[in-house]
Amino acid sequence: MADLPGLNATDVAYNISDSRREAMVEGMQILRSILDDLMSTGLASAAAQPISYWRDLSDRMIDCKLRGVANKLDAIGLLIQSDADWPQKVLARIASLYLLTTSFDRVEEFPPALRAEIYSACGINASRKALSQLPGLKDHWLMIREFDGNNEKVNYRTTWFLGLQSGQVGYLMDYAYGFGEFEYYFQHWSVLDAEIVFYPGAHPRRILMTEGYSRIETSPPIQAPRGLLNLNAMQEFWEHALASSPWIDSVPFIIENIRVVMHNEAYYLTDETGQIVPMHHGGYRLEDTFTKTLRSPGTMIGELRSDGITPFAIW
């Protein structure tokens, strides 16, 4: 991966003002104190807190210019309220946040890739201007999945692409504020002739699309990309991603020779060894897409998380 243009862990300037950095340092100190209290009293005390408690903490982090931390605290509150398996998941998130507080103290000592992960976990990303100066990855990019969501007054769209020549997978973030419109509109399964740059990180996945891309009206049949050979390899891939950055919450993947099975109205992924992992489909009706893999093995592109996978496309 590292030898491809657009994927190098380049050191970029983040241009954080002195006042913002001071606010972030204060926020990290507040966060560490909160986490210390939670761990000293146990997870039961976290469960006893109303959802408003987590929202108030989130608002304090926003005031301290730590939007990424605020989102993670919101997620903890929602997990406690809605997930039967919340203790393990919340404990993992608390550990990740605590590690973030200690790492932020010496962020400039880390190599560029890990420094980028720390800033991203805080909610800070490299600017478009800085990224536009980096070498890009030219390819034919297949639009494979799109997800919409909203956060307060901001609508956001996550669009996933597959590089048909490079085999790289990345997502483009687009935002619409208030009643504004999104900057990008892509047709599902459309192919773009474009150059992209990956945001720096230990495991690059977010992309910036440079100007001048064009849609390819006619293209040869799309072949299934090469990928991981089985679920064991996918587990090793996930462990490698976490080793590269403990703040990674998901990574894109490609896996070959898999089948989708259904049990009690839930989908699972299985391979020729008989291993099985849960699969989420995010509210999308993917039954027609899964028909092929219900009958015979295929190749899947998706997003891998600690609690399962979300499929994007199946060949």
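This is a predicted model: local features need pLDDT of at least 70, side-chain atom pairs count only at pLDDT 80 or more; totals for chains, interfaces and linings use all residues.
**Stop 1: the main core**

Start by selecting Val69 and Leu73, the residues with the most contacts inside the largest nonpolar core, which has 43 residues. Then colour helix 1 (18–41), helix 3 (51–63), helix 4 (67–82), helix 5 (86–104) and helix 6 (112–122); each of these supplies at least two residues of the core. Helix 1 gives the largest share, 7 residues.

Keep Val69 selected and show what surrounds it. Leaving aside residues up to four places away in sequence, Val69 touches Met28, Leu31, Met61, Leu97, Leu100, Ala121 and Cys122.

**Stop 2: helix 5**

Return to helix 5. Its 19 residues reach 26 Å from the first C-alpha to the last, close to the 27 Å expected at 1.5 Å a residue. Select Trp86, Val90, Ile94, Ser96, Leu97, Leu100, Thr101, Ser103 and Phe104, which are the buried residues of this helix. Part of the spacing in that list can be read against a general rule. An α-helix has 3.6 residues a turn, so residues three or four places apart point the same way.

What do the buried residues of helix 5 pack against? Show helix 1, helix 2 (43–47), helix 4 and helix 6: these are the elements that the buried residues of helix 5 pack against.

**Stop 3: strand 4**

Now select strand 4 (191–198). Because 6 of its 8 residues are buried, strand 4 is largely enclosed by the rest of the structure. Display its pairings one at a time:

- Strand 1 (residues 137–151) runs antiparallel to strand 4 and is joined to it by 6 bridges. Lys138 has Glu195 as its bridge partner in strand 4.
- Strand 6 (residues 214–216) pairs with strand 4 in the antiparallel sense, over 3 bridges. Here Leu192 has Arg215 as its bridge partner.
- Strand 5 (206–209) is joined to strand 4 by 3 bridges, and the two run antiparallel. Val197 stands opposite Leu208 in strand 5.

**Stop 4: salt bridges**

The whole structure holds 10 salt bridges. Side chains of opposite charge can pair when their charged atoms come close.

Stay on strand 4 and select Asp193 with Lys138. Their side chains meet in a salt bridge at 3.4 Å, N to O. Asp193 lies in strand 4 and Lys138 in strand 1, so this pair links distant parts of the chain, 55 residues apart. Asp193 is partly exposed, at 23% relative accessible area, and Lys138 is also partly exposed, at 49%.

Move to Glu117 and Arg205, whose closest N and O atoms are 3.3 Å apart in a salt bridge. Glu117 is in helix 6 and Arg205 in the loop between strand 4 and strand 5, so the pair ties together parts that are 88 residues apart in sequence. Are these two residues buried or exposed? Glu117 is buried, and so is Arg205.

Finish with Arg115 and Glu108, a salt bridge with its closest N and O atoms 3.9 Å apart. Arg115 is buried, with a relative accessible area of 10%, whereas Glu108 is partly exposed, at 48%.

Note on methods: Residues are numbered from 1 along each chain as its sequence is written. Side-chain values use heavy atoms; hydrogens and water are left out. A nonpolar core is a set of buried Ala, Val, Leu, Ile, Met, Phe, Trp, Tyr and Cys residues joined through side-chain atoms within 4.5 Å. Buried means under 20% relative accessible area, exposed over 50%, partly exposed in between (1.4 Å probe, protein chains only). Helices (H or I, at least four residues) and strands (E, at least two) are DSSP runs, numbered from the N terminus. Contact means heavy atoms within 4.5 Å. A salt bridge is a side-chain nitrogen of Lys or Arg within 4 Å of a carboxyl oxygen of Asp or Glu. The expected span of a helix is 1.5 Å times one less than its number of residues. Two strands pair if DSSP finds at least two bridges between them.
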